Amino acid sequence: MGIGTYLALASVLFGIGASGFLVRRNMLIQLMSIELMLNSVNVVLLAFNRAYPANHDGQVFAFFVIAVAAAEAAVGLAILIAYYRIKKTLDTDDATLLKY
Amino acid sequence: MTGLGATLFVVTAIFAMAGALITISARRPLRAAIGLLVHIISLAGMFLTLNAHLLAVLQLLVYAGAIVVLFVFVIMLIGPAAEVGPIEGRVASRTLSIALTIAVVLAVATSVAYVDAPWGPVSDEFGTVEGLGMAIYSQALVPFEVISITLLVAVIGAIAVARSRTE
């Protein structure tokens with residue numbers, strides 16, 4: 001049990017989030033998958049900071065990642081609502097507004 | 001790492017992976033949101049094993065308290081249309097994408113699983129409100145102010161994008 005366990009777990013969580021983003025067509029689920037990926041990055045930052053605890057750099061980075069994730073969720077859900085108002089669906093396969 | 005920390009890590013890791021899998025596999029978005037909530041709370045517990053006490057609290061406040069609630073509000077606003085039909089079509093590309101993801105994850109996970117950095121002792125204030133607060137306000141003061149402006153811009157942008165059109 002050491003830093004390698006945390007890194008392996010974080011990569012598995014990142015892979016779950018990435019495959020969810022790639023496979024699902026529901027825009028809400030894709031936004032949740034982005035949150036999964038951001039969370040796994042936080043695990044890596046905190047694990048390295050715990051291994052090298054001379055300063056707080058990793059935790060400061062994780063703090064900013066959480067703040068940016070909050071901003072991203074707010075803007076992403078606003079875009080989702082605007083998209084739903086136009087298309088009446090959340091299916092990303094129908095998202096062709098900028099295509100033609 | 002003491003035995004208690006290892007036990008907490010194993011439990012939170014299992015719950016975090018289960019929550020993530022529920023999130024990406026649930027048909028209904030509300031169940032996915034609950035899976036995301038389980039994932040986030042488990043990660044907050046895992047942060048405690050890494051001596052990140054303030055970030056565990058922030059994880060609960062910001063993610064579980066704000067982001068998941070925001071998702072649930074949007075699901076409630078959209079209603080039954082939030083559910084998209086079953087996955088169909090383009091089976092080849094979807095299978096290829098998930099296979100590539102699994103391959104990359106296996107390669108990375110097996111190569112980093114044996115990285116061994118010593119878990120040295122930490123000072124008493126490592127990761128507490130005092131320690132992390134001093135680090136943020138002394139080394140990262142300018143980024144801290146910039147992130148507040150970023151959040152303000154995000155709030156204004158979200159209102160501008162999501163409000164109903166009146167013209």
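Mentor: Start with contacts: two residues are in contact if their C-beta atoms, placed from the backbone, lie within 7 Å. Among contacts in chain A between residues at least 6 apart in sequence, 49% join residues at least 24 apart. And keep in mind that this is a predicted model.

Trainee: Okay. What makes up chain A in terms of helices and strands?
Mentor: Chain A has 3 helices and 0 strands, so from the N terminus the order reads α-α-α.

Trainee: Why is A:Leu28 called buried?
Mentor: The cut-off is 20 or more other C-beta atoms within 10 Å. A:Leu28 has 24, so it is buried. A:Leu28 sits in helix α2 (residues 27-51) of chain A.

Trainee: Which residues does A:Leu28 touch, beyond its neighbours within four places in sequence?
Mentor: Both chains show up: A:Leu80 and A:Leu90, plus B:Pro29, B:Phe71, B:Val74, B:Ile75 and B:Ala82. A:Ala54, on the other hand, is 26 residues from A:Leu28 in sequence and 40 Å from A:Leu28 in space, C-alpha to C-alpha.

Trainee: What makes α2(A) and α3(B) antiparallel?
Mentor: Their packing angle is about 175°, with the axes 12 Å apart. Angles over 145 count as roughly antiparallel, and therefore that is what this pair is called. On the α2(A) side the contact uses A:Leu28, A:Met32, A:Glu35 and A:Leu46, and on the α3(B) side B:Leu55, B:Ile67, B:Phe71, B:Val74 and B:Ile75. By class, that contact has 8 nonpolar, no polar and 1 charged.

Trainee: And why is α1(A) called roughly parallel to α1(B)?
Mentor: Here the angle is about 10°, and the axes are 9 Å apart. Anything under 35 degrees counts as roughly parallel, so α1(A) and α1(B) get that label. This contact divides into 10 nonpolar, 4 polar and no charged residues. Among the residues of α1(A) that take part are A:Leu9, A:Gly17 and A:Ser19, while α1(B) brings, among others, B:Ala13, B:Met17 and B:Thr23.

Trainee: How many residues does each chain put into the whole contact?
Mentor: Chain B gives 72 residues and chain A gives 60 residues. On the chain B side, the elements giving two or more residues are α1 (3-25), α2 (29-49), α3 (53-78), α4 (91-112), α5 (129-139) and α6 (141-162). The most comes from α3(B), with 11 residues. By class, the chain B side has 58 nonpolar, 12 polar and 2 charged.

Trainee: What makes you say α6(B) is hardly covered?
Mentor: Count the buried ones: 2 among its 22 residues.

Technical notes: Residues numbered from 1 in each chain as written. Chains lettered and ligands numbered in written order. Predicted model: local features only at pLDDT ≥ 70, side-chain atom pairs only at ≥ 80, totals over all residues. Helix = DSSP H or I, 4+ residues; strand = E, 2+ residues; numbered from the N terminus. Nonpolar A, V, L, I, M, F, W, Y, C, P; charged D, E, K, R; others polar. Buried ≥ 20, exposed ≤ 12 C-beta atoms within 10 Å, placed from the backbone. Axes fitted to C-alpha atoms, helices over the stretch in contact; angles between N-to-C directions. Parallel < 35°, antiparallel > 145°, perpendicular 65-115°, else oblique.
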